[in-house]
Amino acid sequence: MRIVNVAAAQMGPIQKADSREAVVKRMIALMDEAKSKGADLIVYPELALTTFFPRWYVEDRAEFDNWFEREMPNAATRPLFERAAQHEMAMNFGYAELTPDGHHFNTAVLTDKSGKIVGKYRKIHLPGHVEYDTKRSHQHLEKRYFEPGDLGFNVWRELGGIIGMAICNDRRWPETYRVMGLQGVEMVLIGYNTPSVNAERSDEGVEKRLFHNRLSAQAGAYQNATWVVAVAKAGNEDGHPLFGGSLIVDPNGEIVAEAKTEEDELLVHPCDLDATTFGKTTIFNFAQHRRIEHYGLITSQTGAVPPPEK
């Protein structure tokens with residue numbers, strides 16, 4: 001058995017006026033609780049340091065550069081890294097990244113138990129739109145403020161296993177998990193900030209949205225025989241609700257832990273990485289069963305092309 005005690009650290013709302021320092025104190029409190037429960041790894045949400053700012057439109061995008069981190073760690077987040085090293089706990093969290101050459105990414109990092117960053121991922125599947133959309137109940141402007149990630153879906157050998165990362169909308173795309181699955185991934189870490197209301201289908205209730213959240217994580221876990229740890233930032237941010245539903249899914253696609261609130265909440269579960277072996281050597285033994293000669297459309301086109309009409 002290769003046990004990794006994972007702490008899924010759901011965070012409640014972060015308001016527009018909340019400082020980075022106040023948010024980091026909350027993250028450290030969750031980390032201290034995780035340490036008391038024997039966690040080896042703590043996983044925080046997407047954009048864990050700020051409110052979900054892509055809900056607001058500004059004409060000059062540079063006005064929102066204050067939401068981005070120019071280095072990591074920085075003065076505000078260094079205490080988080082120091083506490084992780086003190087606890088000998090690996091961690092994963094998301095933030096808005098502004099690179100030295102001026103690129104904007106929705107980013108996540110993975111550290112080892114010494115607090116050293118060992119992996120970085122930049123969100124690839126950006127949802128939403130670029131310009132203000134009067135037809136939507138609320139704006140979702142990730143395509144305005146971020147560029148598609150340029151690092152690919154990589155995996156890293158950490159904690160005695162093979163760990164991958166994704167962010168929010170990535171969890172809905174089977175390609176996300178499969179590319180990591182083809183690298184032998186044993187645990188996928190996903191942070192998300194998902195509105196409780198569909199901006200283009202207002203009658204879609206939160207229960208349906210939670211269903212799709214579970215479905216995406218469970219399918220990805222089962223079809224690639226991997227653990228999936230999906231962690232929300234939730235609650236009402238300046239009048240804009242985000243749903244919770246953080247969950248840990250085993251390699252059979254079964255939910256083993258799920259959040260009950262929309263506040264700061266910790267889920268801790270012992271994840272046996274060896275539990276991935278059965279699926280990877282039977283029904284999802286890729287080397288034996290994949291037929292790549294028939295998969296060409298997946299990488300040769302983006303939009304759907306129906307057959308010609310008769």
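Strand β3 (residues 90-98) and strand β4 (residues 104-111) of this predicted model run antiparallel to one another and are joined over 7 bridges. Within this pairing, phenylalanine 93 has valine 109 of β4 as its bridge partner. Both strands belong to an open sheet of 6 strands, in which the order is β5-β4-β3-β2-β1-β14 and the pairing is mixed. A second open sheet, also of mixed pairing, is formed by 6 strands in the order β6-β7-β8-β9-β12-β13.

**The sheet that holds β3 and β4**

- Helix α2 (residues 78-87) lies across β3, β4 and β5, and α2 runs at about 165 degrees to β3.

**The sheet that holds β9 and β12**

- In the sheet β6-β7-β8-β9-β12-β13, the edge strands are β6 (155-158) and β13 (255-258), each of which pairs on one side only.
- The twist from one strand to the next averages 20 degrees in this sheet.
- Strand β9 (residues 227-232) and strand β12 (residues 247-249) run antiparallel and are joined by 3 bridges, with alanine 230 standing opposite leucine 247 in β12.
- Helix α4 (residues 174-181) packs on this sheet and touches β6, β7 (161-167), β8 (187-192) and β9, while its direction makes about 160 degrees with that of β7.
- Helix α5 (residues 206-224) lies across β8, β9, β12 and β13, and α5 runs at about 25 degrees to β12.

**Arginine 20**

- Arginine 20 is found in helix α1, and with a relative accessible area of 17% this arginine counts as buried, because the value is under 20%.
- The side chain of arginine 20 reaches the backbone oxygen of tryptophan 67 at a distance of 3.4 Å.
- When neighbours within four places in sequence are left aside, the residues in contact with arginine 20 are Leu49, Thr50, Asn66, Trp67, Phe68, Glu69 and Ala76.

**Threonine 194**

- Threonine 194 is found in the loop between β8 and α5, and this residue counts as buried at 3% relative accessibility.
- The side chain of threonine 194 makes a polar contact with the side chain of arginine 171, at 3.1 Å.
- Apart from neighbours within four places in sequence, threonine 194 is in contact with Cys168, Arg171, Arg172, Arg209, Leu242 and Phe243.
- From C-alpha to C-alpha, threonine 194 and lysine 16 are 17 Å apart in space, and 178 residues separate them in sequence.

**Cysteines**

- The structure holds 0 disulfides.
- Cysteine 168, which is among the contacts of threonine 194, counts as buried at 5% relative accessibility.
- Cysteine 271 is likewise buried, with a relative accessible area of 0%.

**The annotated domain**

- UniProt lists residues 4-275 for "domain: CN hydrolase", and the entry is unreviewed.
- Over residues 4-275 the chain is 21% helix and 28% strand, and the C-alpha atoms at the ends of this stretch are 12 Å apart.

Note on methods
Residues are numbered from 1 along each chain as its sequence is written. This is a predicted model: local features need pLDDT of at least 70, side-chain atom pairs count only at pLDDT 80 or more; totals for chains, interfaces and linings use all residues. Side-chain values use heavy atoms; hydrogens and water are left out. UniProt positions are given in the numbering used here, feature names are shortened, and annotations may be inferred rather than shown by experiment. Helices (H or I, at least four residues) and strands (E, at least two) are DSSP runs, numbered from the N terminus. Two strands pair if DSSP finds at least two bridges between them. Contact means heavy atoms within 4.5 Å. Axes are lines fitted to C-alpha atoms, for helices over the stretch in contact, and angles run from 0 to 180 degrees between N-to-C directions. Buried means under 20% relative accessible area, exposed over 50%, partly exposed in between (1.4 Å probe, protein chains only). A polar contact is a pair of N or O atoms within 3.5 Å; within protein, one must be able to donate a hydrogen and the other to accept it, and residues adjacent in sequence count only if both atoms are side-chain atoms. A disulfide is a pair of cysteine sulfur atoms within 2.5 Å.
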